[in-house]
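Student: Please take a close look at one part of this structure for me. I am new to it, and I would like to follow the salt bridges.

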Amino acid sequence: QVQLVESGGRLVQTGDSLRLSCAASGDTFTSYTVGWFRQAPGKERDFVGAVTWNDKAYYRDSVKGRFTISRDNDEITVTLQMNSLKPEDTAVYFCAADRTLVPLEYEFWGQGTQVTVSS
């Protein structure tokens, strides 16, 4: 089974860009849909977007046009490129993987990486 590790989170300013990575070990992402989620303090975890195992990406409305999820050719890394960051994007960001094309629930999860956007 696949293990996931996120990286790239840090403190940035409003309007900055940031790239998060989700690295796979124990397996590749070839047959997995990989999703990104975020959880702000005191709030529930929210879906951000995902890229399916047949390379189709989809996003929540609030990040469309600002965030892009892509699969690296090595099928070991999935990247979340975040542009025009806003303070409301502040959260712990998690990646998750599942073999279902459009998962309702994800089986495998990373530990999260903190993104803080200062105003």
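Tutor: Start with D89. D89 is buried, at a relative accessible area of 1% (buried means under 20% relative accessible area, exposed over 50%, partly exposed in between, with a 1.4 Å probe and protein chains only). This is a predicted model: local features need pLDDT of at least 70, side-chain atom pairs count only at pLDDT 80 or more, and totals for chains, interfaces and linings use all residues. Residues are numbered from 1 along each chain as its sequence is written, and side-chain values use heavy atoms, leaving out hydrogens and water.

D89 forms a salt bridge with R66 (a side-chain nitrogen of Lys or Arg within 4 Å of a carboxyl oxygen of Asp or Glu). Their closest N and O atoms are 2.8 Å apart. This pair links distant parts of the chain, 23 residues apart. D89 sits in the loop between β8 and β9, and R66 in the loop between β6 (57-59) and β7 (67-71). Strands here are DSSP runs of E, at least two residues, numbered from the N terminus; helices are runs of H or I, at least four. R66 is buried too, at 11% relative accessibility.

D89 also forms a salt bridge with R38, with 2.9 Å between the closest N and O atoms. R38 lies in strand β4 (residues 33-39) and D89 in the loop between β8 (77-82) and β9 (91-98), so the pair ties together parts 51 residues apart in sequence. R38 counts as buried at 10% relative accessibility.

Another salt bridge joins the side chains of R71 and E75, at 3.1 Å from N to O. R71 is buried, with 12% relative accessibility.
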